[in-house]
Amino acid sequence: MNPEIAIVGAGYVGVPLAQVFADAGKRVVLVDVVQERVDMLNRGESYIEDVPSETLQKTVTSGLLSATTDFDVLRDADAILVAVPTPLSRQREPDLSFVLSAVGGIAGRLRKGHLVVLEATTYPGTTREEVLPVLERSGLKVGEDFNLAFSPERVDPGNETWTTKNVPKVVGGVTPECTERAAALYESAIDTVHRVSTPEAAELTKLLENIFRSVNIALVNELAQLCDRMGIDIWEVVDAAATKPFGFMPFSPGPGLGGHCIPIDPFYLTWKAREFGFYTEFIELAGKVNEAMPYFCRSLVSQALNHAKQRAMKGSKILVLGVAYKPDIGDMRESPALKLISLLQNAGAEVSYHDPHVRSFNEHGLALTSVPLEPAAYDCVVITTDHSSIDYAQLVDDAGLIVDLRNATGAKGTASEKVFKL
Ligand SMILES: NC(=O)c1ccc[n+]([C@@H]2O[C@H](COP(=O)([O-])OP(=O)(O)OC[C@H]3O[C@@H](n4cnc5c(N)ncnc54)[C@H](O)[C@@H]3O)[C@@H](O)[C@H]2O)c1
């Protein structure tokens with residue numbers, strides 16, 4: 001039987017989205033360029049932590065979900081959703097090559113009645129200025145022959161409370177009919193759909209959400225650095241401020257931004273704003289503060305070794321605890337731990353890592369394998385990611401020195417005898 005929905009890009013966004021539609025009884029096909037991913041999906045083996053293999057297996061066996069590398073399958077689907085990566089180039093400019101390649105593959109198969117929705121995070125104008133012209137090269141007209149909309153994905157990997165199904169979906173179409181068609185599709189599987197008037201509004205909505213986080217994290221990171229000089233515990237201050245029942249939302253300081261979205265997406269807007277002679281200064285400033293955090297954290301490790309052990313960084317054995325970009329998942333994309341490890345190595349430290357979710361990695365010129373958690377074997381343990389499976393009380397007992405960048409040990413004050421906190 002033909003699939004009703006095709007999702008181009010079987011990653012963190014595409015796979016959970018496919019599962020949600022299949023749960024609603026829709027026939028879904030995932031289209032990806034990586035054969036290995038397609039083979040795994042067709043065997044019911046999930047590589048995305050948010051979709052357990054048992055769940056995927058059942059859906060695949062029921063015939064509701066399949067995967068392929070063959071774009072020809074798009075001809076038969078009613079709706080085509082695009083969830084491919086939108087990274088930054090080496091010059092930190094938007095790299096739409098994945099989107100344009102996927103859309104090129106769709107254009108050759110576009111037919112009357114198709115609905116195409118871009119889900120990949122991008123700057124306002126992408127759907128209308130970049131995607132639409134490629135699709136209309138087929139000779140078909142938007143609004144008359146096919147529908148086109150933007151609907152940002154809001155997946156939060158590892159979040160069990162807010163999932164693809166119950167996080168409201170924002171939808172903006174090129175024409176009102178495009179919006180309605182896309183909204184109706186999502187309403188068939190997702191609890192709440194919020195319509196906006198244009199794709200540009202939907203595109204900017206997603207960026208606003210990510211910029212909001214980036215700016216607020218930068219604010220608290222800046223205060224953390226000031227607190228270090230003033231001898232005040234930033235975590236205690238944030239906790240106290242969070243007791244205010246209105247007008248305040250707590251953000252945590254940390255070693256830097258991580259994940260696919262927050263360190264990258266804001267710069268999509270910065271780039272686009274320049275076309276309008278406009279400088280998005282909050283975004284740039286937040287980027288500057290957040291990108292400096294691994295350097296600040298390296299100096300904290302150096303100070304801790306100096307004060308507690310009378311040791312130089314050079315030659316010290318350091319265990320980085322947690323390399324994923326956030327707790328309880330194995331996602332390392334843009335993880336600040338990578339930058340911190342490089343900085344510690346460059347300063348002459350001998351760095352190992354332990355992470356229950358990341359057995360080994362080979363990224364950013366670093367190739368490391370997780371070592372057993374034996375804190376006493378190191379001059380310093382640096383808590384970079386606060387995975388909940390770690391026994392932090394035991395860690396404090398066993399380690400000679402800890403630099404806690406996540407307040408995982410719950411130590412009070414900025415420095416105790418052996419726990420130095422961000
Ligand atoms: N991961 C998140 O937490 C998250 C959250 C919200 C939004 N987003 C956005 O969603 C989009 C997708 O992100 P992701 O995290 O799912 O990426 P991902 O890297 O996990 O998956 C993307 C998939 O697309 C495939 N792909 C690449 N080019 C392709 C092409 N031309 N045709 C078909 N498949 C292709 C890749 O092989 C990969 O399997 C990005 O714009 C991202 O910013 C991601």
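The model is predicted. It holds five aromatic pairs.

**Aromatic pair Phe21–Tyr186**

- A pair of aromatic rings is described by the distance of the centres and the angle of the planes.
- For Phe21 and Tyr186, the ring centres are 6.1 Å apart and the planes meet at 35°, so the pair is tilted.
- Phe21 belongs to helix H1 (residues 14–23) and Tyr186 to helix H6 (residues 176–187), so the contact ties together parts 165 residues apart in sequence.
- Phe21 is buried, at 0% relative accessible area. Tyr186 is buried too, with a value of 0%.

- Tyr123 sits in the loop between strand E5 (115–118) and helix H5 (126–136), while Trp271 sits in helix H9 (residues 266–274), so the pair links parts 148 residues apart in sequence.
- Tyr123 is buried, at 2% relative accessibility. Trp271 is partly exposed, at 26%.
- Tyr123, Trp271 and Tyr268 make up one aromatic cluster.

**Charges over rings**

- Lys169 places its charged end over the ring of Tyr186, 4.7 Å from the ring centre. Tyr186 is the ring that pairs with Phe21.
- Arg92 has its charged end over the ring of Phe267, 5.1 Å from the centre.

**Helix H11**

- H11 spans residues 336–346. Its buried residues are Pro336, Ala337, Leu338, Leu340, Ile341, Leu343 and Leu344.
- These buried residues pack against helix H10 (281–309) and strand E9 (317–321). They also pack against strands E10 (350–354), E11 (360–363), E12 (366–369) and E13 (380–383).
- Just after H11, Gly348 adopts a positive phi of about 95°.

- Most residues other than glycine have a negative phi.
- His364 is not a glycine, yet its phi is positive, at about 50°. His364 lies in the loop between E11 and E12. At 58% relative accessibility, His364 is exposed.
- Asn407 has a positive phi near 55° and is likewise not a glycine. Asn407 is in the loop between strand E14 (402–404) and strand E15 (419–421).

Methods. Residues are numbered from 1 along each chain as its sequence is written. This is a predicted model: local features need pLDDT of at least 70, side-chain atom pairs count only at pLDDT 80 or more; totals for chains, interfaces and linings use all residues. Side-chain values use heavy atoms; hydrogens and water are left out. Rings of Phe, Tyr and Trp (its six-membered ring) pair if their centres lie within 6.5 Å; planes under 30 degrees apart count as stacked, over 60 as edge-to-face and the rest as tilted. Helices (H or I, at least four residues) and strands (E, at least two) are DSSP runs, numbered from the N terminus. Buried means under 20% relative accessible area, exposed over 50%, partly exposed in between (1.4 Å probe, protein chains only). A charge sits over a ring if NZ of Lys or CZ of Arg is within 6 Å of the ring centre and within 35 degrees of the ring normal. Contact means heavy atoms within 4.5 Å.
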